[in-house]
Amino acid sequence: MHEGGKSDGPVVPANLPNKAVGAVAEAGEGRGSAKGNTASKTPAGRSAGSGASSALERVREVARRDKDARFTALLHHVDLVRLRKAYWAIRPQAAPGVDGVTWAEYGQDLEANLRDLHARVQAGRYRAKPSRRVYIPKADGRQRPLGIASLEDKIVQRAVVEVLNAVYEVDFRGFSYGFRPGRKPHDALDALSVGITDRRVNWVLDADIRDFFGQLDHAWLRRFLRHRIADERVLRLIDKWLTVGVVEDGQWTIVDFKTDADITARRGEYENQLRWYAQALLRLTGMPARCVLFGV
């Protein structure tokens, strides 16, 4: 919540969340407030050449300097070096997708396969494959659906994510940990521990959006992407993954995502619930509650 129109300063872990070189505003022994965005840099990673890293660093600098900048030329950053790095980042024991190609099999002729993949991506001939639907049990007894992408889709997706991270990482706050490079749940737990023990905290709010990925509206996702991404080739690439569908028990289907009206109704429901919680806390305490917010 907030008091006097300002939110509480974020609490961050003692250890450096991203392997940055130099000082990082939101980390260190002081655990001070992170003013602005994280100053950490995504590690270059295995097999990433200095040229590839410096090129993305220029993208990152433009994104940091100009919050309204739209990037018109990004696909060339999905180069052979970055595709190779993405392959080596995949867990060798990972389950194969619908084509049955494993990490080890693809690696038997890795350089030729990557060169062919790179040529198809750059020429617009790359075709995404539907995900293989599997289910894993949840703690409450229900089944969580998962989509297992084919190996080449995983490679290209990882490479594209690295490029997009250069654009979007500078917009994240220091107290956000979920799905960010160089950060993990233990960092968030460490920050939460510090926040509870070293700060005056009245409430810890644990909120979860029910079936988030099942309710995600693709139309709005595309709109958000276009705020910063103007490279139509990258947008078409992402659109292939959004519309390719899934294969379950040998049957191919398009995932039935909710309409704009459904999403708007659900968003209103969430806003009303959060508003009710805020009013309830105000009635209980007689004053605006202080809380520590962690995006995990």
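Visitor: Which residues does Arg120 touch, not counting those up to four places away in sequence?
Guide: Arg120 touches Arg125, Tyr126 and Glu152. Contact here means heavy atoms within 4.5 Å. This is a predicted model: local features need pLDDT of at least 70, side-chain atom pairs count only at pLDDT 80 or more, and totals for chains, interfaces and linings use all residues. Residues are numbered from 1 along each chain as its sequence is written, and side-chain values use heavy atoms, with hydrogens and water left out.

Visitor: What joins the side chains of Arg120 and Glu152?
Guide: A polar contact of 2.9 Å. That term covers a pair of N or O atoms within 3.5 Å; within protein, one must be able to donate a hydrogen and the other to accept it, and residues adjacent in sequence count only if both atoms are side-chain atoms.

Visitor: Where is Arg120, and is it buried or exposed?
Guide: Arg120 sits in helix 4, residues 110–123. It is buried, at 16% relative accessible area. The cut-offs: buried is under 20%, exposed is over 50%, partly exposed is in between, with a 1.4 Å probe and protein chains only. Helices (H or I, at least four residues) and strands (E, at least two) are DSSP runs, numbered from the N terminus.

Visitor: OK, salt bridges. How many are there?
Guide: The count comes to 17 salt bridges. The rule is a side-chain nitrogen of Lys or Arg within 4 Å of a carboxyl oxygen of Asp or Glu.

Visitor: Which residue forms one with Arg82?
Guide: Glu162 does, with the closest N and O atoms 3.3 Å apart. Arg82 is in helix 2 (residues 80–89) and Glu162 in helix 5 (residues 151–168). The pair links distant parts of the chain, 80 residues apart. Both Arg82 and Glu162 are buried.

Visitor: What about Glu162 and Lys85? How do their side chains meet?
Guide: In a salt bridge, 2.8 Å from N to O. Lys85 lies in helix 2 and Glu162 in helix 5, so this pair ties together parts 77 residues apart in sequence. Glu162 has a relative accessible area of 15%. Lys85 counts as buried too, at 14%.

Visitor: Which residues are linked in a network there?
Guide: Asp79, Arg82, Lys85 and Glu162 are linked by salt bridges.

Visitor: And what does Asp140 form with Arg142?
Guide: A salt bridge, with the closest N and O atoms 2.8 Å apart. Arg142 is partly exposed, at 49% relative accessibility.

Visitor: Switching to rings. How many aromatic pairs are in the whole structure?
Guide: A search finds six. Rings of Phe, Tyr and Trp (its six-membered ring) pair if their centres lie within 6.5 Å; planes under 30 degrees apart count as stacked, over 60 as edge-to-face and the rest as tilted. One of the six is Tyr87 with Trp103. Their centres are 4.7 Å apart and their planes at 5°, so the pair is stacked. Tyr87 lies in helix 2 and Trp103 in helix 3 (residues 103–107), so the pair ties together parts 16 residues apart in sequence.

Visitor: Are Tyr87 and Trp103 buried or exposed?
Guide: Tyr87 is buried, at 2% relative accessible area. Trp103 is buried at 15%.

Visitor: What about the rings of Tyr87 and Tyr106: stacked or tilted?
Guide: Tilted, because the centres are 6.2 Å apart and the planes at 35°. Tyr87 is in helix 2 and Tyr106 in helix 3, so parts 19 residues apart in sequence are tied together. Both tyrosines, Tyr87 and Tyr106, are buried.

Visitor: Which residues do ring pairs link into a cluster?
Guide: Tyr87, Trp88, Trp103 and Tyr106.

Visitor: Now the surface. Which residues make the nonpolar patch?
Guide: Phe179, Ile209, Phe212 and Phe213 make a patch of about 510 Å². Patch residues have over 30% relative accessible area and no salt bridge; like charges are joined within 9 Å, nonpolar side chains (Val, Leu, Ile, Met, Phe, Trp, Tyr) within 5 Å. Areas come from the Shrake-Rupley method with a 1.4 Å probe; for residues, only the protein chains shown count as cover. Ile209 is in the loop between helix 6 (185–198) and helix 7 (212–215). It is partly exposed, at 42%.

Visitor: What is the phi of Asp249?
Guide: Near 55°, a positive value in a residue other than glycine. Asp249 is in the loop between strand 5 (246–248) and strand 6 (251–253). It is exposed, at 76% relative accessible area.

Visitor: How many helices and strands does the chain have?
Guide: Ten helices and six strands. Of its 296 residues, 34% count as buried.
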